[in-house]
Amino acid sequence: MTRSIRRIGLVLMVLFLALLANVTFIQVFQADNYRGRADNQRVLLEEYERERGPILTGPEAVALSEKTKGKYRWLRVYPEGEQNAAVTGFYSMVYGATGLERTENDVLSGSSDLFFVDRVQQLVAGRQPRGGAVTTTIDPVAQAVAWEGLRGTRGAVYAIEPSTGRTLVQVQSPSFDPNILSSHDPQSIREYYEQLLDDPEQPLINRPIVALNPPGSTFKLVTAAAALSSGRFTMDSVLPGPAEYDLPLSSRTLRNWTGEDCAPGGEITLEQALAVSCNTAFAWLGNELGPDALRAQAELFGFDTKFETPLRASTSRFPEDPDEPQTAMSAIGQFDVRATALQMAMVAAGIGNNGVVMQPYLVQEIRAPDLSILRTFEPQEFEVALSSENARQMQLMMMAVVDNGTAGILQGIYDAEGNLVRVGAKTGTAQTGRDGEQPVSWMVAMAPATNPKIAVAVVVEDGGQAELSGGAIAGPIARAVIEAALQ
Amino acid sequence: MSTTEQSTKQRTRRNLELVLIVIAWGIGVLGTLQVGWATEEGIHPRFWITAGVVGLLALITHLIVRWRVPYADPFMLPIATLLTILGLVMIYRLDVAAIQRAARLDNPAPTPDVYNQLIWYGVASLLFILVLLTIRDHRILQRYTYTAGLLGVILLLLPLAPGIGATVNGATLWVRIAGFTFQPAEAAKILLTIFFAGYLVVTRDSLALVRTRVLGVPLPRARDLGPILIVWAVSLGVLVFQRDLGTSLLFFGLFVGMLYIATQRWSWLVLGFLLFAVGSVGAYLLFGHVRTRVQIWLDPFAYADTGGYQIVQSLYGFANGGLFGTGLGRGHPELVPFANTDFITAALGEELGLTGALGIVLLYGILIERGLRTAVAVRDPFGQLLAAGLSITLGIQVFVIIGGVTRLIPLTGLTTPFLSYGGSSLVANWVIIALLLVISHRARRPVGVSNPQGSSAEFATQVVRR
């Protein structure tokens, strides 16, 4: 019977080989497929088993993980939820992650290659991996002030440190509470998310970097810069500034917001024209320079470029092929010119930084779970938008806007030592072109104007009617942010 | 079978056995510490007492083997011990999960299963020792061929008896007497193996006779077809009335395998397979629960919320384990229903990974190989058939249950030998090991010590008194 026993042994061996092959197939080749299935609770449980690293602004955590007693061991908490939502985003078990929670997920979850050494140690020691920390460039004080000022409006604030491109403020209103979206209760997550989606004010879009608005008169900074760059004009050049400008090739006319001549006699210097925001002078200037020169200057400031800070921003744009009346309108930031708050802050920052536009960024450092610094981000130059001489003239012109122009609200700002700070700025009010909508109010400023620590763009989309509104509504917010940043 | 040349110099290799058992115990201790640490439960105050009891049981079984069957195979006891200990560790780990879950929901803590299993390990060791003490020579068992057969069939059908039969999770496999539940099929599988061995030793010559050939296939005589048809019918009965595919498959496969070994006629395998196929197709067509099982097997994800939930969760568990596993205490084996019984392999596969799963399958493979080796080595045909039959039982059971939880074959409700939570199975499998050790001892014992040699046929006629 020996032979038949051996044969039965062989049959059993084949069966066992099938078991081995099948287990290998499942655990090696099918594993990813099974892990990716939507009804696989383990992936989610596993994710929440790890202590996700914090997002820091300065020493403070704006997103951190707290231990719970529930099924999911760690809960994501945002101490100043709404204020920082545009930066942190949310971390939801239903809708995935947004903001830095999404772009820095590798670091926060601990799966980044930067942690290779840690991971090997964890494997050997069998420890649960922990996430690393992300330190942002945000100035927590200025951020809080911006949020206080913006609350209740529909708008955004973006502020940059001009010499580096570091993002100091990124705030939106209306905002959302990432604490609810990051909770462990799918039901309340869904309800809140649906409610946010249905909200006509769109709190979920990252307004400071995604919302595109006509920049209005703040675009005159670009037009003025193009004029200086052309070599044909200086800040003292005299331009025609009548009450009305007949748009070429059309029967329509462009008026000043005062309805009067920009200056007695209808002639005005470039500096004065910017200070009083003279539409007719800039419309004329736009056609003198032509759309290509305007676009080239705009692109040097960052128009037509996709920025990732690493948060993905919308591309600000100058119209493709405008005719003469369209060029005139574009020169004063109307027609199809669209810009984000980020973009207009970059314009002010470039002028303040002697013409050098820096690449905007939001992440300062990546730290290991033990908080040792693994990587520090260095400033990078984006473009030289202006010669330093022309930048200097632009700075003087922007100071004139504050000293004897539309941005008087920014007068009388003092720094930490009690010294008066010269501020450069430009106001703006833009028609959206959509019926029944209020015009968009802008304030773009940098301070101190000649060696700025901060460049800020404030946009309020439901800002009121008059040209002055740029200064009246967006102005106080810009002032508060500048004061906070200079302290 | 050339033990004659090795003569009295045959080594017992009991020290190797002891070392392996100590290693198995050490693995259990480290595993439990890892569970306590990873789940943040800490070390249970009773842990060292429990570990001590397990160590003592393992040591006592070893000493009894050393005393009663010193020449027995040195690997079987350590493997059975290691598998039992791995089972205890995983059952403890699942207890922890259940306790933590209850704590989260503010429910009272559930009673842990691990101490029950420990008691059953004690009972299993006791029976193991009893078998070694009472059965000096396995050939004694041949005297009880028909008693064993009758008792086996009665036990197998016992759950159908009104009043004591119990249906758990759809299968009528349990008997409840005086508050104790047990699965009589577990005892029946040993008794029926003894019966098949005793019966086939006597009838194998006539069963091997060939009278007709159909298409070149030699067929047994029609009047010899009786026994296989009866076993087939009983197996089908188990399938239909007890709704248990696994047990049915186990008995039929066991019988056909032993029939083939006894007769060396592969036509019996063909016939057995055909009958199995007819039975399966018939059962599929006639019975809804069989059909459901097969449909779930073909596409478990389509039934992920209902009947396929278990198998889907099991697959997710294996997938989560990957190559090296999550580590004991780090996965979520508690997400699989019945994780400590039918699906304990999924729990181990998740936390120990492919490495652990392959290791466990290989442990079974070695155990069965040692059993078959014993069957080849022993001189009397009854012993050969019994050892082979017991090994086949283990083999089929492991294949059916692990194949089931990994979706290689449709899922059926067999226990995983030694690993699963449950007393009947643990005790029965330990008795199987005891019997194999007795046979192995006689097979490997130096010739001088043993009875005078005789032909196999003589043995058969000598021992059986009818």
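Helices, as counted here, are DSSP runs of at least four residues, and strands are runs of at least two. By that count, chain B of this predicted model holds 16 helices and 5 strands. Chain A, in turn, contains 19 helices and 21 strands.

The two chains may be described first by how their residues are packed. Chain A has 487 residues, of which 54% are buried. For chain B, with its 466 residues, the buried share is 53%. In chain A, 70% of the contacts between residues at least 6 apart in sequence join residues at least 24 apart. In chain B, residues 24 or more positions apart make up 73% of the contacts with a separation of 6 or more.

The surroundings of L437(B) can be followed residue by residue. Leaving aside residues up to four places away in sequence, L437(B) touches V65(B), V69(B), A72(B), D73(B), M76(B), L77(B) and L132(B).

Attention now turns to the place where the chains meet. Chain A contributes 33 residues to the contact, and chain B contributes 40 residues. On the side of chain A that touches chain B, at least two residues each come from helix 1 (2–29), helix 2 (31–35) and helix 3 (41–49) of chain A. Helix 1 of chain A gives the most to this side, with 19 residues. Sorted by class, the side of chain A that touches chain B consists of 15 nonpolar, 11 polar and 7 charged residues.

The confidence of the prediction can be given for chain A. Its mean pLDDT is 87, and 95% of its residues reach 70 or more. Among the elements of chain A, the lowest mean pLDDT, 64, belongs to helix 7 (residues 116–125), while the highest, 95, belongs to helix 17 (residues 341–352).

Several details of the backbone of chain A remain. Most residues other than glycine have a negative phi, and most peptide bonds are trans. Against that background, two peptide bonds deserve mention. S173(A) and P174(A) are joined by a cis peptide bond with omega of about -5°. P174(A) itself lies in the loop between strand 8 (166–173) and helix 9 (178–181) of chain A. The peptide bond from T309(A) to P310(A) is also cis, and its omega is near 20°. P310(A) is placed in the loop between helix 15 (291–301) and helix 16 (324–331) of chain A.

Positive phi values occur in loops as well. Q202(A), although not a glycine, has a positive phi of about 50°, and this residue is found in the loop between helix 10 (186–198) and helix 11 (207–210) of chain A. Q202(A) counts as partly exposed because it has 15 C-beta neighbours inside 10 Å. S277(A), likewise a residue other than glycine, has a positive phi near 60°. The position of S277(A) is in the loop between helix 13 (270–275) and helix 14 (279–289) of chain A. Since a residue with 20 or more such neighbours is buried, S277(A), with 29 C-beta neighbours inside 10 Å, counts as buried.

Methods:
Residues are numbered from 1 along each chain as its sequence is written. Chains are lettered from A and ligands numbered from 1 in the order in which they are written. This is a predicted model: local features need pLDDT of at least 70, side-chain atom pairs count only at pLDDT 80 or more; totals for chains, interfaces and linings use all residues. A residue is buried if 20 or more other C-beta atoms lie within 10 Å of its own, exposed if 12 or fewer, and partly exposed in between; C-beta atoms are placed from the backbone. Two residues are in contact if their C-beta atoms, placed from the backbone, lie within 7 Å. pLDDT is the predictor's confidence in each residue, from 0 to 100. Ala, Val, Leu, Ile, Met, Phe, Trp, Tyr, Cys and Pro count as nonpolar, Asp, Glu, Lys and Arg as charged, and the others, Gly among them, as polar.
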